[in-house]
Amino acid sequence: MAQLNAGGGIGVVNYYVTWPNDGVLSLIQYRRFFQQEFCRTPIYEQKQIWNQVAQNINLDHPNFAPTKKQCRTKWNSLKSGYENLKRLLNGNPEGFPTHTPTLHDEHFHEELSDEFWLAEPRVRAARRNQVDRRRYEYRERRRSRSRSSHHRHERGRSRSRSPRRERRERRERRRNYSPYPRDRDRHRYYH
């Protein structure tokens with residue numbers, strides 16, 4: 001049976017929850033059930049989904065009532081514990097820092113072994129691929145344009161203005177600039 005542990009001071013509540021094994025299993029199952037919604041929803045709008053997960057766990061286990069924040073925290077803890085244990089079992093070839101796995105990490109490692117939270121829905125992957133393809137095509141077009149203009153100048157065609165003349169004109173524009181229309185031509189009268 002799980003319980004919410006109250007903090008030491010008046011009005012201070014410690015949100016540490018002792019999760020029972022069946023509660024954790026329910027959390028994993030509901031997280032798997034709502035995977036498509038989590039993929040479609042931006043992170044900052046996922047509070048409603050976590051609220052629904054918490055309500056479903058509360059319905060399944062009447063004596064255990066976690067909040068949406070506690071469910072999200074426990075889920076993140078399960079994921080990081082799974083990744084930690086996976087590194088430990090593989091000998092940690094990348095050399096990431098590891099810690100001793102908890103009982104829940106060991107108990108639910110098999111349940112999380114399919115890594116369902118990493119799977120992207122086909123629609124999102126297709127959109128991402130379209131965006132990547134567009135970016136790639138855009139980059140290639142820009143590169144080909146810059147190459148062609150570079151070669152055009154190399155072949156001996158001169159530019160319309162020399163760089164020195166462009167700098168001089170820019171300087172003049174800066175010197176003569178005024179936000180007030182009547183002062184824009186003051187250099188003609190006073191200089």
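Mentor: Start with Asn 92. The model is predicted. Asn 92 has a relative accessibility of 18%, so Asn 92 counts as buried, because the cut-off for buried is under 20%. Where does Asn 92 sit? Asn 92 is in the loop between H4 and helix H5, residues 103-107. Leave aside residues up to four places away in sequence, and Asn 92 touches Arg 87 and Thr 98.

Now go to helix H4, which covers residues 68-90. Its partner here is H3. The axes of H3 and H4 come within 8 Å and cross at roughly 95°. H3 is therefore roughly perpendicular to H4. Which residues meet? From H3 come Lys 47, Trp 50, Asn 51, Ala 54 and Ile 57. From H4 come Lys 68, Cys 71, Arg 72 and Trp 75. Sorted by class, this contact of H3 with H4 has five nonpolar residues, one polar and three charged.

Look at Cys 71 again. Cys 71 has 0% relative accessibility, so Cys 71 counts as buried. Cys 39 is buried too, at 7%. What about disulfides? The whole structure was searched, and zero disulfides were found.

Gln 48 lies in helix H3. Is Gln 48 buried or exposed? Gln 48 has a relative accessible area of 66%, so Gln 48 is exposed. Gln 48 and Lys 68 are 20 residues apart along the chain. Their C-alpha atoms are separated by 8.4 Å.

H3 also meets H1. H1 spans residues 21-33, and H3 spans residues 47-60. The axes of these two helices come within 10 Å and cross at roughly 140°. H1 and H3 are therefore oblique to each other. Their crossing is right-handed. On the H1 side, the contact is made by Gly 23, Ser 26, Leu 27, Tyr 30 and Arg 31. On the H3 side, Trp 50, Val 53, Asn 56, Ile 57 and Asp 60 take part. By class, the contact of H1 with H3 has five nonpolar residues, three polar and two charged.

Trp 50 and Ile 57 are in the contact with H1. Trp 50 and Ile 57 are also in the contact with H4.

Note on methods: Residues numbered from 1 in each chain as written. Predicted model: local features only at pLDDT ≥ 70, side-chain atom pairs only at ≥ 80, totals over all residues. Heavy atoms only, no water. Disulfide = S-S within 2.5 Å. Buried < 20%, exposed > 50% of the residue type's maximum accessible area, 1.4 Å probe, protein only. Axes fitted to C-alpha atoms, helices over the stretch in contact; angles between N-to-C directions. Helix = DSSP H or I, 4+ residues; strand = E, 2+ residues; numbered from the N terminus. Parallel < 35°, antiparallel > 145°, perpendicular 65-115°, else oblique. Left-handed = near helix turned anticlockwise from the far one by under 90°. Contact = heavy atoms within 4.5 Å. Nonpolar A, V, L, I, M, F, W, Y, C, P; charged D, E, K, R; others polar.
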